[in-house]
Amino acid sequence: MMNASDSSSLVRLNIGGKKFCTTVDTLTQREPDSMLAAMFSGRHTLCQDPEKGYLFVDRDGKHFRHILNWLRDSVVPTLKDTEYSELLREAEYYQLLGLIDEINAVLNKRKEDDEFKNNELTRTDIIKCIQSEKVRLRGVNLSGLDLSKLDLSNVDFSFACLKNVFFSRANLYCAKFREVDAEGSNFHNATLRECEFTGANLHGALLVGANLQSANLQDACLVDCSFCEADLRSAHLQNADLTNANLENAVLEGANLKGAKLSNANLKGANLQRAYLRQVNLRDTHLEGANLDGANLLGAIRSNRTEAVNTITL
């Protein structure tokens, strides 16, 4: 019989046949709410081998040294994924919540790194693909690739992961980007005429100087995007979220912005002639120097500064 009231006393453990020696302090201090801490808190009388003095625990002892190292130094070992699964199972049994969180964090980080390193295609692969008449890259992961200055006209990227892709100066005429995740991508000076971006996530994307004439951006997330001096003539922006977007000096002549969100959007000096802005909330939109000649503003919510911009024709 053993009473674990002395925190500095040695503890001999037999975990599934593997022998370990540690102290009550180690087993109780780092994870005070664990099963091990409860066992050696002094509140329980423990049965041990009367001849050899080992307390037997009927678990696999393969990873118990890692558990002790965690309790001693907060160290998470470097293991294979299958071994992490085994260690996680033991941590759950002993109710070591801190170790469980750290293992899951390591596994999640490893998964993210693998996704970034193991892109499905490279720039060279893309160049080979576009030699064919019709290219479909639907749903592929191209995160972080440099596709600048390539002729990608008519390519179907729908549902693909395009995070942080460089499309600078690329020819993307009539390309399809339906529901892509292109957060943080760079379309600087790219040709995007008649492209389809319906439902796409372009959060924080750079589209400075891009040609987006007649592009379809309905329902797209364009939060924090930069469209400075971009050509958006006759673009379809219905229900697009342009919160905090920068459209300074952009050309939006004839663009349809019905239902678009323009909270804190910068449209200073923009050309909005004949743009469709019916019932759009412009109260927090920056329109200083914008040209709204012939724009349809029927029912639009306007602040005093909106009234002060160039000619408004209802």
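Colleague: What should I know before reading the residue numbers and values?

Modeller: Residues count from 1 along each chain as its sequence is written, and side-chain values use heavy atoms, leaving out hydrogens and water. The model is predicted, so to speak of local features needs pLDDT of at least 70, and side-chain atom pairs count only at pLDDT 80 or more, while totals for chains, interfaces and linings use all residues.

Colleague: Which residues touch the most other members of the largest nonpolar core?

Modeller: In soluble globular proteins, nonpolar side chains tend to be buried together. A nonpolar core is a set of buried Ala, Val, Leu, Ile, Met, Phe, Trp, Tyr and Cys residues joined through side-chain atoms within 4.5 Å. Buried means under 20% relative accessible area, exposed means over 50%, and partly exposed lies in between (1.4 Å probe, protein chains only). Here the largest core has 67 residues, and Leu142, Phe157, Phe167, Leu172, Phe177 and Leu192 touch the most other members. Another core, of 26 residues, lies apart from it and includes Leu36, Phe64, Leu68 and Tyr94.

Colleague: What does Leu172 touch?

Modeller: Contact means heavy atoms within 4.5 Å. Leaving aside residues up to four places away in sequence, Leu172 has contacts that include Leu152, Phe157, Phe187, Thr191 and Cys195.

Colleague: How many salt bridges does a search of the whole structure find?

Modeller: Side chains of opposite charge can pair when their charged atoms come close. A salt bridge is counted when a side-chain nitrogen of Lys or Arg is within 4 Å of a carboxyl oxygen of Asp or Glu. The search finds seven. One of them joins Asp156 and Arg138, at 3.0 Å from N to O. These two residues are 18 residues apart, both in the loop between helix H6 (123–129) and helix H7 (304–307). Helices (H or I, at least four residues) and strands (E, at least two) are DSSP runs, numbered from the N terminus.

Colleague: Is Asp156 buried or exposed?

Modeller: Asp156 counts as buried because its relative accessibility is 9%. Arg138, at 38%, counts as partly exposed. In another salt bridge, Arg233 and Asp231 have their closest N and O atoms 2.7 Å apart. Arg233 is partly exposed at 35%, and Asp231 is buried at 14%.

Colleague: Where does Phe56 lie?

Modeller: Phe56 is in strand E5 (residues 55–57). Its relative accessible area is 48%, so Phe56 is partly exposed. Not counting residues up to four places away in sequence, Phe56 touches Asn14, Gly16 and Gly17. The C-alpha atoms of Phe56 and Gly17 are 8.2 Å apart, though 39 residues separate the two along the chain.
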